[in-house]
Amino acid sequence: MTIDTGKVYRLEDYRPSDYAIRATDLTFRLDPRHTRVTATLSIERREDAALDAPLVLDGDGLKLLSLTLDGTQLPTGGFEATPDRLTIARLPKGPFSLVIETELAPEANSALMGLYLSNGVYCTQCEAEGFRRITYFLDRPDVMSVYTVRVEAPKASAPILLSNGNPVESGDLEDGWHYAVWHDPHLKPSYLFALVAGDLGRITDSFTTRSGRTVELGIYVEKGKEARATYAMDALKRSMLWDEEVFGLEYDLDVFNIVAVSDFNMGAMENKGLNIFNDKYVLADEETATDVDFANIEAIIAHEYFHNWTGNRITCRDWFQLCLKEGLTVFRDHEFSADMRSRAVKRIAEVRTLKSLQFPEDQGPLAHPVRPRRYREINNFYTATVYEKGSEVVRMIRTILGAEAFRQGMDLYFERHDGDAATIEDFLKVFEDVSGRDLSQFALWYHQAGTPHVSVSTTYDEARGELSLDIEQSVPPTPLESRKRVMHIPLAIGLVGRNGGDLDAAPVDATSFADGVIHLKKRRQTVRFAGLSERPAISLNRGFSAPITLASEQSVEDRLFLARHDSDLVARWQALNGLLSDHLIETSKTPAQQSNMAGRLAEVLGAIAADDALEPAYRALALTPPSEADVAREIGSNIDPDAIHVARNTLVDIIAAANREAFEALCGDLQGDDSFSPDAESAGRRALRNVLLDYASAAQGTPELAASQYRDATNMTERAVALAVLAHRFPTETQTVSALADFEARYGDNPLVLDKWFQIQATIPGDAALARVEGLTAHGAFSIGNPNRVRSLIGTFASSNQTGFHRADGTGYRFFADRIIEVEKRNPQVAARLATAFRSWRSLEPGRQGHARAELARIAAVPGLSTDLKDIVERTLG
């Protein structure tokens, strides 16, 4: 664990390394306690480096065994070595070879960075700075090298030996050992290095590229779980084909391997030719995985494969450019999923994720630009801002330039920067070059933190048939940035007539409006439309064309009309979701004051549920009110989570009662047969049926419907949702207690499914929530050392149980802080990510604010905190 030094890294301080490492040959002699690593580095001084520049290599807790320079072992006085740094001052003028021997203890590596053991399988995770836990190295993205790796291990315990690139050689050694040699011909930075060794099951397939090459595909999992990897293999092949068809990108090695492990800090890692996955994003079948699991597997398999070009073939110059690979690749996997499933439904899901994760980040103490300008611990910048907002910025480039110019720009990017460690400036330049447009103002999306706010007021001149939109933009202050510059915001709009269709209207000044998009480039801007025969309802930010908050002077009648008739389904959902949110905000503040709006909303939702012209997945999304966390974010200050909880439950009860018969009938109509398919249409029908099940259970006030679905379920989606409805609505009923016990008995030997059991119970609201979660930490299946289990119980409680976590007496915060401190001793990264749940503490009412601040201060006062956790806590405290 790296102890905090207080050092801050700044973008403006970037300079190339004095030395380049042209080739890296690694030999691993694997042992749980005493793994020996021999690194042979072919090094050259860069042309502009001083002749007396020392070689300073990064390390992290390393044990150095020997050091050899050009075949001569260096004496103790010939270098300076600490566990975290190796410095050699006297070096040859020309190229030289450096051989470094280190010793590792994978079995003791609970941080899961570098080389570690997961259930008897050797595994690596090197992004962002894990390679320095394996050997001394210039561990930075712009130092790119060609790797050859030899892995040696006992054949009985590790018959599978994998690394990056193509297999070169393998064979037996003495004493029951064997070896394998892998070579990656492509330059790559150290963070993309990977090694896996163990006794694993495998499924195989192949893919023929558009140029006719055959690529051997392999997915490695724990033995006995091979059948559950078939969907992941299918998703991989579809990803490879899609990338060829949509971006013209072909895979470039002879093999592509994926390995699934149960102990992993992240979702997955795109190591060149050897992706390593958290097994929850690989393993799936109808009995153990939900439709959400299948969709996530499809998206994450695609994301990591797409990194082969956007991240691997073109990597980032430094970690400040992280969004160049992550935001761009998220955009690509979003497009893939939209093509595989429903584009409108996928886009709404993206917007929900952005609003629930990234908007709070932008509005709190952890706000930072898509390309940060400084960091203390890079692991803390794998954030929703870098990933999700980074994707939105790429999407806006396509909106501004158009699909054809965007594709031309991407083609030029791959042509110009293949093999490079690139920057955001490099990326934007290709689009300027192909389009001839100046994107300097648009670049503020990368450089400026905060969510822009756009307000729109309208004036309609019936006599002249003219509509005026007066638009104003602003960006609120964020940490380290009080003054903001004016953004280029592409705002897609539609003018909807009384018949529900879009009206044709000509802009009076076409310079700021084209192809349905207003280009906001000034703080205040007026856009006029002429030739209108009626006053339209204005559909704003169609397709969520820009990641902004929006306020408009629209009447309730216009918003209800758009919620029923807007042809843009994303804007239609936004209109409805906004109405639901506004009602929940009002009733949470004045619970005794109920208006007829709840009844009108119930009527609209009933009509949407019955509208067969809308796909079931869309109807399921529309019927789901904003979450309690969503409402809290919209309120913004002096938040009382208990009041929001009551308001939401009241609205759900009203909607359920008003549509009881219709919802029950539709729920029955959607009853499927015993066959199961994870395709989008089937998943959509299940999603709608499960939303209706919750409403029907609320209307009946009994657990019978959910208990019946639980008993009769033929797949995990139906069973898990039924259990959640039972647990959340009827936590003390006999049927619920019985179902929870049955679920545990059925799946107690399946960690991924048991995670769902923990998650469902972690989200049960009410006074008993904290005691329930505390009790589950003592369960025999709970492990504070397993990231998945910690996230399923502790992380879910903090992020998704608003009344339990935000108890007025502060005990929820105290429990959570205790767990963070406990986790940090083993795994600083996981602890730091958990701690981000405190990011919105200043928006709470004063009593809860005080309790949350006290717990943050208590964490900060713990001696010897890691850089990861201390950075998050101190920034959150402000």
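Q: Where does Leu-480 lie?
A: Leu-480 sits in the loop between β26 (466-474) and β27 (489-496). Strands here are DSSP runs of E with at least two residues, helices are runs of H or I with at least four, and both are numbered from the N terminus. The model is predicted, with local features requiring pLDDT of at least 70 and side-chain atom pairs pLDDT 80 or more, while totals for chains, interfaces and linings use all residues. Residues are numbered from 1 along each chain as its sequence is written, and side-chain values use heavy atoms, without hydrogens or water.

Q: Why is Leu-480 called exposed?
A: Its relative accessible area is 70%. The cut-offs are under 20% for buried, over 50% for exposed and in between for partly exposed, with a 1.4 Å probe and protein chains only. Leu-480 therefore counts as exposed.

Q: What is the phi of Leu-480?
A: Phi of Leu-480 is near 70 degrees, a positive value in a residue that is not glycine. Most residues other than glycine have a negative phi.

Q: Which phi does Asp-515 have, and where is its place?
A: Asp-515 is not a glycine either, yet its phi is positive, about 55 degrees. It belongs to the loop between β29 (513-514) and β30 (517-520).

Q: What makes Asp-515 exposed?
A: A relative accessible area of 81% puts Asp-515 in the exposed class.

Q: How do you know that the peptide bond from Glu-127 to Ala-128 is cis?
A: Its omega is near 5 degrees. Most peptide bonds are trans. Ala-128 lies in the loop between β11 (121-125) and β12 (144-154).

Q: Why does Phe-28 count as buried?
A: Phe-28 has 0% relative accessibility, so it counts as buried. Its place is strand β2 (residues 19-29).

Q: Which residues is Phe-28 in contact with, leaving aside its neighbours within four places in sequence?
A: Contact means heavy atoms within 4.5 Å. With those neighbours left out, the partners of Phe-28 include Thr-35, Val-37, Leu-115, Ile-134, Val-151 and Phe-193.

Q: Why is Leu-666 counted as buried?
A: Leu-666 has 15% relative accessibility, so it counts as buried. It lies in helix α15 (residues 660-669). Beyond its neighbours within four places in sequence, Leu-666 is in contact with Ala-609, Arg-619, Leu-688 and Leu-692. Leu-666 and Ala-610 are 56 residues apart in sequence, with C-alpha atoms 7.7 Å apart.

Q: What do the buried residues of α1 pack against?
A: They pack against β17 (201-208), β18 (214-221), β19 (255-261), α2 (291-306), α3 (322-340) and α6 (403-417). Among the buried residues of α1 are Tyr-231, Met-233, Leu-236, Trp-242 and Phe-247.

Q: Why are α1 and α2 called oblique to each other?
A: Their angle is about 45 degrees, with the axes 9 Å apart. Axes are lines fitted to C-alpha atoms, for helices over the stretch in contact, and angles run from 0 to 180 degrees between N-to-C directions. Under 35 degrees is roughly parallel, over 145 roughly antiparallel, 65 to 115 roughly perpendicular and the rest oblique. α1 and α2 are therefore oblique.

Q: Which residues of α1 meet α2?
A: Those of α1 include Tyr-231, Leu-236 and Trp-242; the α2 side includes Phe-294, Ile-297 and Tyr-305. By class, the residues of this contact between α1 and α2 are 12 nonpolar, one polar and three charged. Nonpolar covers Ala, Val, Leu, Ile, Met, Phe, Trp, Tyr, Cys and Pro; charged covers Asp, Glu, Lys and Arg; the others, Gly among them, are polar.

Q: What makes α9 oblique to α10?
A: Helices α9 (residues 556-565) and α10 (residues 569-589) pack at about 135 degrees, with axes 7 Å apart. That angle makes α9 oblique to α10. Their contact has six nonpolar, two polar and four charged residues.

Q: Why is α18 called mostly covered?
A: Of its 14 residues, 11 are buried. The cover includes α2, α16 (680-700), α17 (704-712), α19 (734-747) and α20 (751-762).
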